[in-house]
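User: Hi! Could you walk me through this model? I'd like to begin with the core.

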Amino acid sequence: MLTIGLTGGIGSGKSTVTKILADLGAPIIDADKVGHAIYAPGGPAYDDMIAAFGTGILADDRTIDRRKLGPIVFADPAALKRLNSIVHPKMFARMREMIDAMRAAGEAKPIVVEAAILIEANWLPLFNEVWLVAASKERVIERVERDRGLAREQTEARIKAQLSDDERRKHASIVIVNDGTIDDLRATLAVIWRAALERNQKEKALR
């Protein structure tokens with residue numbers, strides 16, 4: 001049965017695609033939420049992160065304060081690499097557990113995992129297919145300004161700092177071009193999801 005990795009850059013509309021797929025009946029796993037749980041107190045990355053970065057990253061309630069951690073890791077590439085080496089493998093393991101548990105509980109539809117960094121984090125082995133949400137640079141800048149209030153220069157800097165869509169396309173099974181209206185996107189996704197359900201049925205029939 002299919003497991004789909006849904007990815008895309010800033011302003012591509014990945015979260016909107018996820019919401020529409022959920023409306024169409026897709027079971028969703030949000031990698032960001034998995035990440036937060038991984039380094040919550042008692043989570044599998046909590047002790048390792050304190051060992052790596054010290055108790056100065058903790059809030060008063062002993063949770064890891066991302067506002068304290070952020071300046072440390074984004075100012076130092078080695079620190080960011082250390083953070084990723086702690087968190088990404090544990091997220092991979094947790095998402096695989098979640099997928100297995102959903103299948104064991106009887107989920108038969110394709111499972112969609114929304115993960116912006118699935119390629120960079122080496123999570124590709126989790127997925128049968130990768131769906132890339134892509135949009136033109138102008139549409140991205142327009143959306144980010146509207147939704148997050150970032151200036152054009154700030155958005156362009158973030159685009160340059162992330163993996164390019166050209167690189168993402170090398171791993172994509174399907175590219176969802178999101179330059180039109182929300183109705184255009186819904187219509188496109190209805191077709192793509194229906195085809196995914198059909199492929200999933202064929203996979204089940206072969207087992």
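User: Which residues have the most contacts inside the largest nonpolar core?
Analyst: They are Met49, Phe53, Ile64, Leu69, Met95 and Trp123, in a core of 33 residues. A nonpolar core here is a set of buried Ala, Val, Leu, Ile, Met, Phe, Trp, Tyr and Cys residues joined through side-chain atoms within 4.5 Å, and buried means under 20% relative accessible area with a 1.4 Å probe, protein chains only. Do note that this is a predicted model: local features need pLDDT of at least 70, side-chain atom pairs count only at pLDDT 80 or more, and totals for chains, interfaces and linings use all residues. Residues are numbered from 1 along each chain as its sequence is written, and side-chain values use heavy atoms, leaving out hydrogens and water.

User: Nice. Which element gives the largest share of this core?
Analyst: H5 does, with eight residues. Helices are DSSP runs of H or I with at least four residues, strands are E runs of at least two, and both are numbered from the N terminus.

User: And what is Phe53 in contact with?
Analyst: Beyond neighbours within four places in sequence, Phe53 touches Leu69, Ile72, Val73, Ala79, Arg82, Leu83 and Ile86. Contact means heavy atoms within 4.5 Å.

User: How much of it is buried?
Analyst: Buried residues account for 41% of the 207 residues.

Notes: Buried means under 20% relative accessible area, exposed over 50%, partly exposed in between (1.4 Å probe, protein chains only).
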